[in-house]
Amino acid sequence: MATGRTHRPATRSRGIPEATVARLPLYLRALTALSERSVPTVSSEELAAAAGVNSAKLRKDFSYLGSYGTRGVGYDVEYLVYQISRELGLTQDWPVVIVGIGNLGAALANYGGFASRGFRVAALIDADPVMAGKPVAGIPVQHTDDLEKIIKDNGVSIGVIATPAGAAQQVCDRLVAAGVTSILNFAPTVLNVPDGVDVRKVDLSIELQILAFHEQRKAGEEAAAEGALPPAATVHDASADQGPDGDVPAVMPA
């Protein structure tokens, strides 16, 4: 079986924009749901609504994949599932290590969606000697002293960091030195990595703060409508910042 170390997704070499790559998982999730309901075909409008994008953007995204659908019929669901899975590199096995098995790390280890989407949790790693050998989600936790050996033995190229912020950069450096080239970072800190290493950051507190901003704005608008307060600051017109394909840079990548 192929592993992450023997193959890299072809999206960059084929010139697919990063914004399109970021939307492919949304399309795949919507298409998988349709496939599970045995829906054979879907129109661009229906699929765009399910994925939360507009249909023009969806059609442009799919044109990079060479899929244009059939007029009056739409897109073949099963073929698109295969095509997007192939572009995302999900037609093979991707061994993943999770470093930091606290509450968040344990929750990630127990997440059932990894296996169904082409990712296999190859190892769980923690710095606490007390955790060594304890099973989490049926996988025994291993100590960080063995991190490099674990990476090599399992052919791991994707690492997940769920440690406290203070330990994240050191863990990142060790992962990269051991051969990991993609990192999903849940630690509340910015990681410095060399060229050729991809980092995706997930910061739940930032997402909640953005939601708090919108809640405050809505409350201000409701108060203004009742004549109690002047309107709260409105969100800047995003259309002014859109690029040539209508994409607006996210506040923070998810």
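Two helices, α5 (103-109) and α8 (165-178), each supply at least two residues to the lining of the second largest pocket. Helices here are DSSP runs of H or I with at least four residues, and strands are E runs of at least two, numbered from the N terminus. A pocket is an open set of points on a 1 Å grid over the protein atoms alone, with protein on both sides within 12 Å along at least five of seven lines, and lining residues have an atom within 4 Å of a point.

The model is predicted: local features need pLDDT of at least 70, side-chain atom pairs count only at pLDDT 80 or more, and totals for chains, interfaces and linings use all residues. Residues are numbered from 1 along each chain as its sequence is written, and side-chain values use heavy atoms, without hydrogens and water.

The second largest pocket has a volume of about 260 Å³. Its lining has 19 residues, and those closest to the centre are Gly-100, Thr-163, Pro-164, Ala-167 and Val-171. Helix α8 gives the largest share of this lining, four residues.

The chain has nine helices and nine strands. Of its 254 residues, 39% are buried, meaning under 20% relative accessible area with a 1.4 Å probe, protein chains only.

Confidence is given as pLDDT, the predictor's score for each residue from 0 to 100. The chain averages 84, and 84% of the residues score at least 70.

Where pLDDT is low, predicted coordinates should not be read in detail.

Conventions. Buried < 20%, exposed > 50% of the residue type's maximum accessible area, 1.4 Å probe, protein only. 1 Å grid on protein atoms, 1.4 Å probe; cavity = no way out; pocket = protein on both sides within 12 Å on 5 of 7 lines; lining within 4 Å. Points joined across faces, edges and corners; volume = space filled by probe spheres on them.
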